[in-house]
Amino acid sequence: AVESLGAATVIVTDKTGTLTKNEMRVKEVNSKDHRDKELLKCAVLCNSASLVLKEDGGGFDILGDTTEGALLLWAKDQGLDIDLMRAEGKLVEEIPFDLQTRKMTVVWQDTQKATFTKGAPEVLITESSLSEKEKEKWDLKYKEMAKKGLRILAFSKDGEFLGLVGIADEVRPEVKDALRVTAEAGIDVVM
């Protein structure tokens, strides 16, 4: 058993929670025309996740999708009262995320009715009211963010493009040294 580990030449590992902290967080935000507040509102309202205060009071647990939870944590970090925002309006209709459309849409009623959409950048950029030149610019921005290893979501309100949010699960601090040691030992790591 343990003796055979000395002959190992390859380690196959899961990344999420093993090499990473298993804590999705917003790492980069690019809003169109400084529409940060609208982008933040869209990220909260077009979202099925919830945050629950941990028993020890040290942060929040995410109920639901961790990517959507990361958006809610970002909103909290920005000082937004998520519960108050949701209580001030009413969800009129929700079209859940679908693998074919690659987006989620909600119709929300507060002082006025609005349609908020969250989804794949290549879908929302294409469907938006952006000019061709703006679409190229935002497609390039999306690709730059993707090269950084971010999971990117695009947002729109009533068909108007609001921007991009990049989310990542940070690598644990000890992973870099562990990968270096395994490489020096001639062991390949497959993630």
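The legends below go with close-up views of a predicted model.

Residue numbers start at 1 along each chain as its sequence is written, and side-chain values use heavy atoms, without hydrogens or water. Because this is a predicted model, local features need pLDDT of at least 70 and side-chain atom pairs count only at pLDDT 80 or more, while totals for chains, interfaces and linings use all residues.

**Figure 1. The whole chain, to get our bearings.** The protein chain has 7 helices and 10 strands; these are DSSP runs numbered from the N terminus, with helices being H or I of at least four residues and strands E of at least two. Its C-alpha atoms fill a box of roughly 70 × 45 × 30 Å along the principal axes. Of the 191 residues, 38% are buried (buried is under 20% relative accessible area, exposed is over 50%, and partly exposed lies in between, with a 1.4 Å probe and protein chains only).

Figure 2. A pocket here is an open set of points on a 1 Å grid over the protein atoms alone, where a 1.4 Å probe fits, with protein on both sides within 12 Å along at least five of seven lines; lining residues have an atom within 4 Å of a point. The second largest pocket holds about 280 Å³ of space, a volume being the space filled by probe spheres set on the points, which are joined across faces, edges and corners. Among its 13 lining residues, Asp 65, Thr 67, Phe 97, Lys 118 and Leu 153 are the closest to the centre. Helix 3 (66-77), strand 7 (113-119) and strand 8 (151-157) each supply at least two lining residues, and strand 8 gives the most, with 3. By type, the lining has 5 nonpolar, 3 polar and 5 charged residues (nonpolar: Ala, Val, Leu, Ile, Met, Phe, Trp, Tyr, Cys and Pro; charged: Asp, Glu, Lys and Arg; polar: the others, Gly among them).

**Figure 3. Helix 6 and its two faces.** Just after the helix, Gly 149 takes a positive phi of about 85°.

Figure 4. With a disulfide defined as a pair of cysteine sulfur atoms within 2.5 Å, the count is 0. The sulfur of Cys 46 is the nearest cysteine sulfur to that of Cys 42, at 5.3 Å, which is too far for a bond. Cys 42 is buried at 0% relative accessibility, and Cys 46 is buried with a relative accessible area of 0%.

**Figure 5. Loop residues with a positive phi.** Most residues other than glycine have a negative phi. Arg 102, in the loop between strand 5 (90-98) and strand 6 (103-109), has a positive phi near 60° and is partly exposed at 34%. Asp 158, in the loop between strand 8 and strand 9, has a positive phi of about 50° and is partly exposed at 45%.
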